[in-house]
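This report goes through one protein model from its domains to the surroundings of its ligands. Please look over the sequence and the structure before reading on.

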Amino acid sequence: MIHTFKRGVHPDYMKAPEIPISVVTPPPQVIIPMAQHIGAPDKPIVAVGDYVKMGQKIGENPAPVSAPVHASVSGKVVAIEPRPHPLGDMIMSVVIENDYKDTPCEDLPPLTAEQLKDPDAILTRIREAGVVGMGGAMFPTAFKIRGGIGKVDKLIINGAECEPYLNGDHLTMLNFPEQLLKGIELVRIASGVDKAYYGIEVNKKDAIELLNSLHPENYGIEIVPEKVKYPQGAEKMQVKAVTGREVKPGGIPSGVGANVVSTRTCYAIYQACYEGKPVIERIVTVAGSAMNKTSNALTRVGTPLGYLAEQCGGFAVTPRKIVLGGPMMGICATSFEAPTIKGTSGVLFFTEKEDKTVENPSCIRCGKCITVCPMNLMPVFMYMYYSKGDYEMMEKYHITDCFECGSCAFNCPARMPLTHAFKTAKLMFQAKAVKEKAAAEAAAAKEAKA
Ligand code: SF4
Ligand code: SF4
């Protein structure tokens with residue numbers, strides 16, 4: 001049986017898993033931002049002039065919703081200063097001059113056989129190794145798993161990789177299948193459940209067959225084949241497809257007893273626990289019509305985007321847009337100097353060929369956006385009230401339940417900038433809430449004084 005969810009779209013997938021993993025030579029300098037997770041940013045724990053080893057912890061924050069960062073090369077710290085971040089803004093970063101020795105740090109030895117069965121030891125290691133949601137969300141994984149213990153009975157591993165272009169998860173399945181199954185088993189043990197369900201889209205038939213041939217049941221894993229449809233890899237859609245449970249608007253998967261962990265995160269957990277390796281590299285798909293070729297590049301965290309492009313065959317033409325992640329939900333980067341981070345699954349260098357923006361688009365009231373929204377929303381009305389700045393009506397149409405999957409914009413014949421509008425609207429709601437909270441606190445303080 002092939003599992004799925006209602007609605008969604010079928011973009012041109014543009015994938016190239018047949019291109020083998022290539023190893024990118026690390027750059028002369030890596031830039032390690034202190035913000036590579038959701039939550040409190042890290043503080044540097046090294047100083048300019050220090051020598052650091054590859055894998056050494058160089059930034060941390062004691063807050064529970066955080067994850068440390070590690071040096072991805074060995075060498076000398078030459079700067080600690082704000083640098084361009086791939087997701088925008090200038091963010092405090094540690095810059096390391098690469099000595100090209102890759103001298104390893106041995107602070108994290110592989111876990112013992114006993115520890116590999118101990119949920120607490122696994123969770124401590126996941127945190128210490130800086131593992132975050134590597135599907136792109138970058139939520140600290142140890143915190144996510146701990147939060148679900150006792151509440152979650154369905155652990156889902158996300159192997160949909162439904163965004164066009166991206167191949168990292170598929171290639172991890174094909175190249176490291178046993179390691180991946182062991183990583184999933186660790187997540188299952190840490191979560192306190194008997195079984196993990198690995199949802200994989202059937203366009204990865206070779207990977208499904210390979211994983212099934214390795215007896216996933218011995219690791220407490222069942223492979224769940226899923227229909228090829230976007231956004232199958234969104235957490236709520238995975239929960240629906242695998243368990244049939246519906247995450248209510250504003251809710252999260254653990255609210256219906258489910259937790260979703262990505263393929264690449266499970267592999268990082270394998271490396272952290274079995275090999276003592278923190279998150280310092282990942283497979284990044286580098287593609288787009290501005291590139292001479294497509295690469296599935298094993299890349300150190302902290303590699304500047306411009307350098308990465310050069311190493312992956314260089315530009316055929318000057319790119320018009322840099323997209324981090326996939327084209328549907330990816331975020332635009334504005335600087336070639338910004339580095340790759342833990343959540344960078346793809347770097348797409350686009351020209352006008354892919355950039356379908358039109359000037360002054362006009363809605364033709366066709367309703368095609370409504371027919372594809374996986375959240376059952378009404379994008380045409382959300383956009384109309386967003387344009388008017390009508391908060392009450394935007395709320396009535398549940399604009400904050402939009403998770404910016406881009407299906408509506410993809411299906412819109414008029415090319416209305418729907419996703420961009422909803423992203424902005426959600427930021428407007430956040431700003432409004434902050435303003436209202438500040439006003440309420442000021443009023444309470446005034447009243448207390450009187
Ligand atoms: S309204 Fe939001 S959730 Fe619905 S299709 Fe559009 S972007 Fe996706
Ligand atoms: S699909 Fe586009 S043109 Fe059609 S109703 Fe929705 S926003 Fe308007």
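## Two domains

The C-alpha centres of domain 1 and domain 2 lie 30 Å apart. Domain 1 covers 124–275 and domain 2 covers 368–449, with bounds that come from an automatic or database domain assignment. Six residues from domain 1 and six residues from domain 2 make up the contact; two residues are in contact if their C-beta atoms, placed from the backbone, lie within 7 Å. On the side of domain 1 that touches domain 2, five residues are nonpolar, one is polar and none is charged. Here Ala, Val, Leu, Ile, Met, Phe, Trp, Tyr, Cys and Pro count as nonpolar, Asp, Glu, Lys and Arg as charged, and the others, Gly among them, as polar.

## Basis of the model

This is a predicted model, in which local features need pLDDT of at least 70 and side-chain atom pairs count only at pLDDT 80 or more, while totals for chains, interfaces and linings use all residues. Residues are numbered from 1 along each chain as its sequence is written, and chains are lettered from A and ligands numbered from 1 in the order in which they are written.

## Overall fold

The protein has 13 helices and 17 strands; helices (H or I, at least four residues) and strands (E, at least two) are DSSP runs, numbered from the N terminus. Its radius of gyration, taken over C-alpha atoms, is 22 Å, close to the 22 Å that the globule rule gives for 450 residues, so the protein is as compact as a globular protein of that length. That rule is 2.2 Å times the number of residues to the power 0.38.

Along its principal axes the C-alpha trace spans about 60 × 60 × 60 Å. Among contacts between residues at least 6 apart in sequence, 73% join residues at least 24 apart.

## Around ligand 1

The shell around ligand 1 has 14 residues, of which Cys-373, Cys-402, Cys-405, Ser-407 and Cys-408 come nearest. A residue is near a molecule if its C-beta atom, placed from the backbone, lies within 6 Å of it. Both α12 (407–411) and α13 (418–449) supply at least two residues of this shell, and α13 gives the largest share, three residues. By type, the shell holds 10 nonpolar, three polar and one charged.

## Around ligand 2

Ligand 2 also has 14 residues around it, and Cys-363, Cys-366, Cys-369, Cys-412 and Ala-414 come nearest. At least two residues each come from α9 (368–372) and α10 (379–388), with α10 giving the most, three residues. This shell divides into 11 nonpolar, one polar and two charged.
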